[in-house]
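Please look through the sequence and the three-dimensional structure below before reading on. The paragraphs after it go through the ligand sites and then some single residues.

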Amino acid sequence: MTSHATTGYEARQRFAEDVARKAGALALDYFLRRETLVIEAKKDPQDVVSIADRAVETLIREQIAEAYPMDGVLGEEYGLIESSSGFTWVIDPIDGTSPFVNGMPTWCVSIALLHQGEPVVGVIAAPCQDELYSAAHGLGARLNGTPLRIDGSRTIRNAVTGVGANHHVPPRTVADFVEALLTQGGTFIRNGSGALMLAYVAAGRLVGYYEPYMHAWDCLAGYCLVREAGGWFLPFPVEGERLTKGAPVLAAGPGAIEDLRTLAQL
Ligand code: IPD
Ligand code: CA
Ligand code: CA
């Protein structure tokens, strides 16, 4: 990969931070009047969406089209626009729509930038906590401006692992992982936002995150944050058609990589 100085990661990172703040403010406005939203089911009754998701994605797309018209965009609600610059933005306007519509604060706006197959910028805004997580390739990860560095002494046994689940995979897959984690002396949490839990891995709040099947828009910003904070992630397939399909998601701090790979069989 060429150096970030020549590829403009820093400028795009500043841009992504600005867009995530605006998108977060719009999402928060909807969240505070969520009783007025019409909730629609997508794949199943637990997979929900509202006008808030669509309006926030539209805002992000408009900003990208204005600032970087040659860049590609993949968003959860409106699909893929191919890139002619080599850069592709991968966005989830609201990750954690279930907590969002049910009145819980654990949701976020997730914006990643892909370049040469790697997530080179990752920005996650969590408006209810007034938190902005931001990372760029070679430039480290920060939470509200404070650098993040994962503590390598934390393991599955002395820290908490995030786990996610949806109805794309058999319940047994998640149940087996949770059973194995508990058997090994670990424990888990699920807050309804995979992207936010990945940001928590970068921030050292969780020692790892596992979900058997998520999409690129759920994990790429979090992956960039984890890598830049000194952690590891399972590469997500982003070539061609694969970018729009789901895959297993696993990220960990240095002290938990081996254990979590064994438990998840990845
Ligand atoms: C979901 C959340 C959830 C995860 C699901 C995702 P959404 O995204 O990240 O935590 O378990 O797999 O689909 O629907 O809230 O954007
Ligand atoms: Ca999502
Ligand atoms: Ca979403």
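What follows begins with the ligands and ends with residues elsewhere in the chain.

This is a predicted model, in which local features need pLDDT of at least 70, side-chain atom pairs count only at pLDDT 80 or more, and totals for chains, interfaces and linings use all residues. Residues are numbered from 1 along each chain as its sequence is written, chains are lettered from A and ligands numbered from 1 in the order in which they are written, and side-chain values use heavy atoms, with hydrogens and water left out.

Several polar contacts reach ligand 1. A polar contact is a pair of N or O atoms within 3.5 Å; within protein, one must be able to donate a hydrogen and the other to accept it, and residues adjacent in sequence count only if both atoms are side-chain atoms. A polar side-chain atom of glutamate 211 is 2.5 Å from an oxygen atom of the ligand. An N or O atom in the side chain of aspartate 95 lies 2.8 Å from a ligand oxygen, and for glycine 194 a polar backbone atom is 3.0 Å from an oxygen atom of ligand 1. Taken alone, ligand 1 exposes 380 Å², and the protein buries 88% of that. Accessible areas come from the Shrake-Rupley method with a 1.4 Å probe; for residues, only the protein chains shown count as cover.

The metal sites come next. The calcium ion (ligand 2) is coordinated by Asp92 (OD), Asp95 (OD) and Asp218 (OD), at 2.0 to 2.2 Å. Donors are N, O and S atoms within 2.8 Å of the metal (3.2 Å for Na, K and Ca); water is not among the atoms, so sites may look incomplete. Along the chain, the donors of ligand 2 have the spacing D-x2-D-x122-D. Distant parts of the chain are linked here, with aspartate 92 in strand β5 and aspartate 218 in helix α7 (residues 216-228), 126 residues apart. Are these two residues buried or exposed? Aspartate 92 is buried, at 0% relative accessibility, and aspartate 218 is buried too, with a relative accessible area of 10%. Buried means under 20% relative accessible area, exposed over 50%, and partly exposed in between (1.4 Å probe, protein chains only).

The calcium ion (ligand 3) is coordinated by Glu76 (OE), Asp92 (OD), Asp92 (OD) and Ile94 (O), at 2.2 to 3.1 Å. Its donors follow the spacing E-x15-D-x1-I. Glutamate 76 lies in the loop between β3 (72-75) and β4 (79-81) and isoleucine 94 in strand β5, so the pair ties together parts that are 18 residues apart in sequence. Glutamate 76 is partly exposed, at 25% relative accessibility, whereas isoleucine 94 is buried, at 1%. Aspartate 92 bridges ligand 3 and ligand 2, the two calcium ions lying 3.7 Å apart.

Some residues elsewhere complete the account. Threonine 106 sits in the loop between α4 (97-101) and β6 (108-115) and is buried, with a relative accessible area of 16%. Its side chain reaches the backbone oxygen of asparagine 191 at 2.7 Å. In strand β6 itself lies isoleucine 111, buried with a relative accessible area of 2%.

Glutamine 116, in the loop between β6 and β7 (118-126), has a positive phi near 50° and is partly exposed, with a relative accessible area of 49%.

Note on methods: Helices (H or I, at least four residues) and strands (E, at least two) are DSSP runs, numbered from the N terminus.
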